[in-house]
Amino acid sequence: MTIRWLGRALALIGFLMVLQSLAWMSRVPPMGASPSRLANGEEAVTAIPSPALPAAPPTPTPSPMPTATPTPVPPTPTPTPGLPARWALTPTPPPAPVGVPEGAPPPRPLLSFPPGRVNLLLLGSDRQPGERVGRTDTIILVSIDPEGPSARLLSIPRDLWVYIPGWQSHKINTAYPHGELSGYPGGGYGLLRDTLRYNLGIATHGYALVDFQGMRAIIDALGGVDVLVRCPLYDVFPDPDDPTITGTLNLPAPGYYHLDGKQALWYMRSRYSTGDADRARRQQQVLEGMLDRLKEGGWLSRAPALWSGLRQTVQTDLGLDEVLWLASLGLRMDRSRIARGSLHPVLASARITTTSENELFIYLPTEQTYAYLERFLLGPLPSQASPLTRVELINASGNALYAGMAVEILREAGFGVVRTAEVEPDGRPSRVLALHPESSAGAVQSLLRALHLPASRLESAPEPGAEVAYRIWLGTDFNPCGR
């Protein structure tokens, strides 16, 4: 890897660090994974200790009762630099499209974001070598509030069925290439931006796009990424380095794995044994792993020097002043002020036959979708929400890794984890204890669904004055995968 590539790679990761912030940085030191060649020429990934990573700290001796560990208090907010001039203007909707075909949905009203909110799109393209443009199979909306600061990450399915202005109804991942190839004002991003406005009522300020080759090179420049795998994953891909063989991604058990650029790309793309929602979550995990590699590098302070390299690797409409503004926020953003969401659970699914007689799997927006968008993008963060959504986690599973996985699962479901504790297994199954008599039935259902527990695992255990609404006990039967 040349110095030039390294500079480009780290510049992009500096930008991603702003967007993803400092989430999940205090994790248990991971085990690594290295590729091994199989007898049939396939390449497999198996977990082995990684000498390049720091040694794990001594495991604390379990106690019979949980010892609460309070979540660190976020630092006192410091003044926010002035909003870049271009973003100080509220995005205005484009003119109403003409010639809207019969059967297309009416445009959604724009969501009313607070003043100063900046919405950016992180896009991953499936463009292959020799192709001019690819589909945006990864679409992540990053909504940034400079006051605090805070960020909300929303994964939008590539198979979301939408009306693409001036064209037709199709999957949202086709909007970008059609905009590029048809000469739409603003190109691919312009059409994707207007598609989001029309169908979801979301106005965006800018974007950054990277393709397969760029993402792989960036991850390799960082020395790979560490990901916390919840579900066993096995998939086979064509090997981009040698067309005579295939590559195998084999992650046989939950735990930490170290992936190089090629393996991480497969991890983000795999759909063989999982759904698109899992795929979106894995994409965010890889971004978080990239941030871990960047954390101690101090690369954000070098953004001006690396800017030209960034522009050669990443397609973006962001200017240097805007990247520096984002960097100033990312350095101050506490992980408790990051919210992660996905549209997948609030969409209807269907299969349709197109005019070319091809059957497509699609997602369809519903009224539940729009309600979720308002709640997630405009409502309070989980860390600021009602005490009835705050929980504490007791890990009695016997597996120290399960606590981190459960915290991630709960936060994805919209719950704020106030404290965690490790105890010895007590022989009882996983369960949810309701500590407040006014516990919400909807919140209880969300908890049970997120942890894949039946209603019989809910127990009433009132505790007057409790700081949290629920106590989650992870038993030896806890399955982070839920399968």
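Biologist: Tyr-189 and Tyr-207, buried or exposed?
Modeller: Both Tyr-189 and Tyr-207 are buried (under 20% relative accessible area; exposed is over 50%, partly exposed in between, with a 1.4 Å probe and protein chains only). Keep in mind that this is a predicted model, where local features need pLDDT of at least 70 and side-chain atom pairs pLDDT 80 or more, while totals for chains, interfaces and linings use all residues. Numbering runs from 1 along each chain as its sequence is written, and side-chain values use heavy atoms, without hydrogens or water.

Biologist: Where in the chain are Tyr-189 and Tyr-207?
Modeller: Tyr-189 is in helix H3 (residues 187-200) and Tyr-207 in strand E9 (residues 206-211), 18 residues apart, so the pair links distant parts of the chain. Helices (H or I, at least four residues) and strands (E, at least two) are DSSP runs numbered from the N terminus.

Biologist: And what about Tyr-372 and Phe-376?
Modeller: Those two are stacked as well, at 5.7 Å centre to centre and 5° between planes. Tyr-372 and Phe-376 share helix H9 (residues 367-378), four residues or about one turn of the helix apart, and both are buried.

Biologist: New topic: what angle do H4 and H5 pack at?
Modeller: About 130°, with the axes of H4 (residues 212-221) and H5 (residues 261-269) 8 Å apart. That makes H4 oblique to H5 (under 35 degrees is roughly parallel, over 145 roughly antiparallel, 65 to 115 roughly perpendicular, the rest oblique). Axes are fitted to C-alpha atoms over the stretch in contact, and angles run from 0 to 180 degrees between N-to-C directions.

Biologist: Backbone next. Where is the cis peptide bond?
Modeller: It joins Gly-148 and Pro-149, with omega about -15°. Pro-149 belongs to the loop between strand E5 (136-145) and strand E6 (150-155).

Biologist: What's phi of His-452?
Modeller: Near 60°, a positive value in a residue other than glycine. Most residues other than glycine have a negative phi, and most peptide bonds are trans. His-452 is in the loop between helix H11 (441-450) and strand E21 (458-460), and at 46% relative accessibility it counts as partly exposed.

Conventions
Phe/Tyr/Trp six-rings, centres within 6.5 Å; stacked < 30°, edge-to-face > 60°.
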